[in-house]
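Dear colleague,

Please find below the sequence and the structure that I am handing over to you. My findings follow directly after them.

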Amino acid sequence: MAQRRAPLRAPDKLVFLLSLVPYLIEQQVVTVSEAAAHFGSTDDQIRDAVRLIAMSGLPGDTGTYQSNDLFDIDWDAFEEHDEIVIVHHVAIDEAPRLAAREAAALIAGLQYLAALPENADSTALASLMAKLRAGASATPSGLAIAEPAADASLALIRRAITGGRQLEFDYLNARGEAGRRRSDPLRIVSQDADWYLQAYCHTRDDVRNFRVDRMSELEVLDLPVGDHGDLDVPETLFQGSSSDLDVVVDVAAEALPLLADYLADSSTQEVDGRLRVTLRLAHVHGLKRLVAGLPGLVTVVAPADARQVVAEWAASGLQGYDDVSVP
């Protein structure tokens with residue numbers, strides 16, 4: 001006497017159904033007993049599952065189920081000969097795919113990440129790029145991401161950090177002042193598209209942040225870094241000081257989180273549909289990059305010299321367009 005199997009629990013039944021559909025699609029023609037043997041189930045469980053998935057599908061454009069919207073089999077073969085013959089797949093094997101341009105854009109981003117020193121020889125990124133190429137609706141366009149000039153500097157900085165060696169370099173600050181710096185590198189951090197070295201500066205006898213693209217002539221010294229165990233290294237990249245400049249700006253509400261690192265306090269005032277806040281910056285020239293990164297979203301209100309610097313900078317940019325002759 002054949003042994004009756006216990007009914008499947010709901011989670012097991014779901015796994016069973018999810019496994020049955022691709023099996024039937026691959027086989028195309030299979031008997032009920034063969035399918036039962038493959039899944040270690042009874043013939044009746046296979047028959048019940050087939051009848052269930054035959055009612056599965058996606059509604060058409062009309063919002064109602066039509067004959068070609070459902071998973072379908074040859075019902076005569078099923079009822080009379082106990083055979084499962086697939087005659088329609090519906091959308092089961094039509095999973096959404098990325099367009100070639102979408103896949104190319106994602107691959108370009110992954111190539112940029114793979115070029116960073118910390119991701120060198122990353123098998124995970126390489127595997128993901130291969131899957132994107134294979135899974136796209138068409139062959140993605142070949143893109144090459146140019147290596148940023150800062151990448152070589154990042155590699156040297158990382159070597160100094162891992163080796164515990166001092167780092168010496170020329171640095172050009174935002175005010176246009178250049179000088180040679182010797183430092184004990186502590187860590188590398190990123191802010192938007194920029195990379196920064198956080199280090200103990202022997203020239204200033206304090207922790208400083210150096211933007212990597214402003215560093216040049218880097219040299220890893222044979223001198224070991226000092227013991228900075230008692231040094232208070234801030235968690236955030238930018239820290240206020242008594243010499244900082246307070247700048248009042250009007251900013252669109254959706255852009256306010258992007259200015260969180262620069263806010264002097266949490267107070268806001270609504271003015272003409274925007275939020276008026278106070279930013280704390282090391283110097284007025286830092287506004288240029290800030291405004292450029294949020295075009296149309298930030299308006300400088302005060303002080304007057306800050307407004308003037310940003311206005312002159314914007315005017316010089318517009319002048320560049322006027323100087324270009326268009327054939």
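Which residues of helix H2 (residues 32-39) are buried? They are Val-32, Ala-35 and Ala-36. Viewed down the axis of H2, the buried residues fall within an arc of 100°, so they line one face of the helix. An α-helix has 3.6 residues a turn, so residues three or four places apart point the same way. Ala-37 and His-38, on the other side of H2, are exposed. Just after H2 comes Gly-40, with a positive phi of about 65°.

Please note that this is a predicted model. The protein has 327 residues, of which 31% count as buried, and its secondary structure comes to nine helices and twelve strands. Among the contacts with a separation of 6 or more, 56% are between residues 24 or more positions apart.

**H2 and its neighbour H3**

The axis of H2 and that of helix H3 (residues 43-53) come within 8 Å and cross at roughly 105°. Angles of 65 to 115 degrees count as roughly perpendicular, and H2 and H3 are therefore roughly perpendicular to each other. On the H2 side the contact is made by Val-32, Ser-33, Ala-35, Ala-36 and Phe-39, and on the H3 side by Asp-43, Ile-46 and Arg-47.

**The nonpolar cores**

The largest nonpolar core has 21 residues, and the members that touch the most others are Val-247, Val-249, Val-251, Leu-259, Leu-279, Leu-287 and Val-300. At least two residues of this core come from each of strand S9 (245-251), strand S11 (274-281), helix H8 (286-293), strand S12 (298-302) and helix H9 (304-322). S11 supplies the largest share, four residues. Leu-259 touches Val-251, Leu-279, Leu-290, Leu-294 and Val-298, leaving aside residues up to four places away in sequence. Another core, of 19 residues, lies apart from this one; Leu-20, Tyr-23, Ile-73 and Ile-84 are among its members.

**The four-stranded sheet**

S9, S11 and S12 also belong to an open sheet of four strands, in the order S10-S11-S9-S12, with antiparallel pairing. Strand S10 (269-271) and S12 are the edge strands, each pairing on one side only. From one strand to the next the twist averages 45°. Seven bridges join S9 and S11 in the antiparallel sense, and Val-249 has Val-277 in S11 as its bridge partner.

How many of the eight residues of strand S6 (residues 194-201) are buried? Eight of the eight are, so S6 is largely enclosed by the rest of the structure. In a regular strand the side chains alternate between the two faces of the sheet. In S6, Asp-194, Tyr-196, Gln-198 and Tyr-200 point one way, while Trp-195, Leu-197, Ala-199 and Cys-201 point the other way, and all are buried. S6 runs antiparallel to strand S7 (residues 206-211), and six bridges join the two. Leu-197 stands opposite Phe-210 in S7. The two strands form a hairpin with four residues between them, and Asp-205 in the turn has a positive phi of about 55°.

**Backbone points to inspect**

Most residues other than glycine have a negative phi, and most peptide bonds are trans. Where does the backbone depart from this pattern?

- Gln-28, which is not a glycine, has a positive phi of about 65°. Gln-28 is in the loop between helix H1 (10-27) and strand S1 (29-31) and is partly exposed, with a relative accessible area of 48%.
- Asp-82, likewise not a glycine, has a positive phi of about 60°. Asp-82 is in the loop between helix H4 (75-81) and strand S3 (83-88), and its relative accessible area of 25% makes it partly exposed.
- The peptide bond from Ala-302 to Pro-303 is cis, with omega near 0°. Pro-303 lies in the loop between S12 and H9.

One further residue is Asp-72, in strand S2 (residues 72-73). Asp-72 is partly exposed, with a relative accessible area of 24%.

With kind regards

Methods: Residues numbered from 1 in each chain as written. Predicted model: local features only at pLDDT ≥ 70, side-chain atom pairs only at ≥ 80, totals over all residues. Heavy atoms only, no water. Buried < 20%, exposed > 50% of the residue type's maximum accessible area, 1.4 Å probe, protein only. Arc of directions from axis to C-beta. Core = buried A, V, L, I, M, F, W, Y, C linked by side-chain atoms within 4.5 Å. Contact = heavy atoms within 4.5 Å. Pairing = 2+ DSSP bridges. Axes fitted to C-alpha atoms, helices over the stretch in contact; angles between N-to-C directions. Parallel < 35°, antiparallel > 145°, perpendicular 65-115°, else oblique.
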